[in-house]
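Hi everyone, thanks for making the time today.

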Amino acid sequence: PAWLRRLCGHLLSERLLRPGGVQAVVRGILEGTGGGAGAEAAALDWRKCDAIAKILASCPQQCLSLEDYYRQVCPQILDLLHIQDKVAARQFQRVATTTLLTMAREHPQLAERHLLQPLLSPLLRCSET
């Protein structure tokens with residue numbers, strides 16, 4: 001029903017905007033893939049990673065502005081690149097890169113400011129010295 005979809009969307013958006021919310025949402029969606037071969041198969045499942053990326057790249061209706069959403073969520077997306085668990089890291093990195101590409105296509109200036117500049121700043125510092 002529509003009311004349930006709205007409520008779930010509201011709760012999901014609320015969680016994303018909290019500290020550590022992006023990682024919690026990604027873990028929640030990827031959870032249940034099992035261990036061993038199941039987790040390995042899930043790491044190769046681009047469709048699941050694409051679906052998560054679309055969720056992350058979409059600004060929720062209750063967010064004040066797109067700029068505010070990017071400011072809160074993009075650092076968390078970059079944090080997905082630093083997950084230590086090897087199997088989970090592959091999934092999280094795929095979600096992060098697909099989200100980055102989606103955001104860069106949809107809102108290039110915001111993605112550059114909140115994703116690409118922080119991601120590339122260590123490289124730029126090294127090249128300037």
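Let me begin with a term: a pocket here is an open set of grid points where a 1.4 Å probe fits, with protein on both sides within 12 Å along at least five of seven lines. Please also keep in mind that this is a predicted model.

So, how much space lies in the largest pocket? About 220 Å³. If you'd like to find the pocket on the screen, look for its lining: Arg6, Gly9, His10, Leu12, Ser13 and Leu16, then Ile55, Ser58, Pro60, Gln61 and Gln62. Which helix gives the most to that lining? That would be helix 1, residues 2-16, with 6 residues. By class, the lining has 4 nonpolar residues, 6 polar ones and 1 charged.

Now for the helix packing, and let's take helix 2 with helix 4. Helix 4 covers residues 46-57, and its axis lies 11 Å from that of helix 2, at an angle of about 150 degrees. The crossing is right-handed. On the helix 2 side, the contact uses Val22, Val26, Ile29 and Leu30, and they meet Lys48, Ile52, Ile55 and Leu56 of helix 4. Sorted by class, that contact holds 7 nonpolar residues, no polar ones and 1 charged.

My last pair is helix 5, residues 66-79, with helix 6. Their axes come within 10 Å and cross at roughly 150 degrees. Angles over 145 degrees count as roughly antiparallel, so that is how helix 5 and helix 6 run relative to each other. This crossing is left-handed. Tyr69, Tyr70, Cys74 and Ile77 come from helix 5, and they meet Ala96, Thr99 and Met103 in helix 6. That contact has 6 nonpolar residues, 1 polar and no charged ones.

That's my tour, and I'm happy to go back to any part of it.

How values were computed:
Residues numbered from 1 in each chain as written. Predicted model: local features only at pLDDT ≥ 70, side-chain atom pairs only at ≥ 80, totals over all residues. Heavy atoms only, no water. 1 Å grid on protein atoms, 1.4 Å probe; cavity = no way out; pocket = protein on both sides within 12 Å on 5 of 7 lines; lining within 4 Å. Points joined across faces, edges and corners; volume = space filled by probe spheres on them. Helix = DSSP H or I, 4+ residues; strand = E, 2+ residues; numbered from the N terminus. Nonpolar A, V, L, I, M, F, W, Y, C, P; charged D, E, K, R; others polar. Axes fitted to C-alpha atoms, helices over the stretch in contact; angles between N-to-C directions. Parallel < 35°, antiparallel > 145°, perpendicular 65-115°, else oblique. Left-handed = near helix turned anticlockwise from the far one by under 90°. Contact = heavy atoms within 4.5 Å.
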